[in-house]
Amino acid sequence: MAEIHVLVRYFAAAADILGRDEETITFSVPPSLGDLHEQLLKQYGQGIAELLSASAYLVRGVLTRDPTYSISGKVDILPPFAGG
């Protein structure tokens, strides 16, 4: 099976904490949002677990937090935004 590349874009606090706006993560099987979450914890450590659990994820125009949701192409990680 071919590798699956997912462009992950980070916004606001997520970009600040991770020190980047985006990266491509490669999976060997079709990934779910839960797989992405697990991979990010492996890469960046448990220190980002709270940020990820509070974030919403935009996948193919759908805003979700469902860990079973299938992902492909691009995922935007949207932490809670402060308003004013």
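**Before starting**

The model on screen is predicted: local features are described where pLDDT is at least 70, side-chain atom pairs count only at pLDDT 80 or more, and totals for chains, interfaces and linings use all residues. Residues are numbered from 1 along each chain as its sequence is written, and side-chain values use heavy atoms, with hydrogens and water left out.

**Stop 1: the whole chain**

Select the entire protein and colour it by pLDDT, which is the predictor's confidence in each residue, from 0 to 100. The average is 93, and 95% of the residues score at least 70. Where pLDDT is low, the predicted coordinates should not be read in detail. Among the elements, helix H1 (residues 13–18) has the lowest mean pLDDT, 91, whereas strand S2 has the highest, 98.

How many helices and strands does the protein have? There are three helices and five strands; these are DSSP runs (H or I, at least four residues, for helices; E, at least two, for strands), numbered from the N terminus. Read along the sequence, they give the pattern β-α-β-α-α-β-β-β. The radius of gyration is 12 Å, close to the 12 Å that the globule rule gives for 84 residues, so the protein is as compact as a globular protein of that length. The radius is taken over C-alpha atoms, and the rule is 2.2 Å times the number of residues to the power 0.38. Along its principal axes, the C-alpha trace spans about 45 × 25 × 20 Å.

Of the 84 residues, 36% count as buried. Buried means under 20% relative accessible area, exposed means over 50%, and partly exposed lies in between (1.4 Å probe, protein chains only). Among contacts (heavy atoms within 4.5 Å) between residues at least 6 apart in sequence, 47% join residues at least 24 apart.

**Stop 2: helix H2**

Select residues 33–44. This is helix H2, with twelve residues, and it reaches 16 Å from its first C-alpha to its last, close to the 16 Å expected at 1.5 Å a residue. The expected span is 1.5 Å times one less than the number of residues.

Which residues of H2 are buried? They are Leu33, Leu36, Leu40 and Leu41. Seen down the axis of H2, the buried residues fall within an arc of 135°, so they line one face of the helix; the arc is that of the directions from the helix axis to the C-beta atoms. Show the surrounding elements next: the buried residues of H2 pack against strands S1 (4–10), S2 (22–27), S3 (56–59), S4 (62–64) and S5 (73–78), and against helix H3 (49–54).

Select histidine 37, which also lies in H2. At 26% relative accessibility, histidine 37 counts as partly exposed. Leaving aside neighbours within four places in sequence, histidine 37 is in contact with Ala49, Leu52, Ser53 and Tyr57.

**Stop 3: the two ends of H2**

Move to serine 32, in the loop between S2 and H2. Serine 32 counts as buried, at 14% relative accessibility. Beyond its neighbours within four places in sequence, serine 32 is in contact with Pro67, Thr68, Tyr69, Ser70 and Ile71. After H2 comes glycine 45, whose phi is positive, near 90°.

**Stop 4: two positive phi angles**

Select alanine 12, in the loop between S1 and H1. Alanine 12 has a positive phi of about 50° although it is not a glycine, and it counts as partly exposed at 37% relative accessibility. Then select arginine 60, in the loop between S3 and S4. Arginine 60 also has a positive phi of about 50° without being a glycine, and it counts as partly exposed at 48% relative accessibility.

**Stop 5**

Finish with proline 79, in the segment after S5. Is proline 79 buried or exposed? At 2% relative accessibility, it counts as buried. Not counting residues up to four places away in sequence, proline 79 touches Phe11, Ala12, Ala13, Ala14, Leu51 and Ser55. The C-alpha atoms of proline 79 and alanine 54 are separated by 6.3 Å, although these residues are 25 apart along the chain.

From there, select leucine 51 in helix H3. Leucine 51 is buried, with a relative accessible area of 13%. With residues up to four places away in sequence not counted, leucine 51 touches Ala13, Ala14, Ile17 and Pro79.
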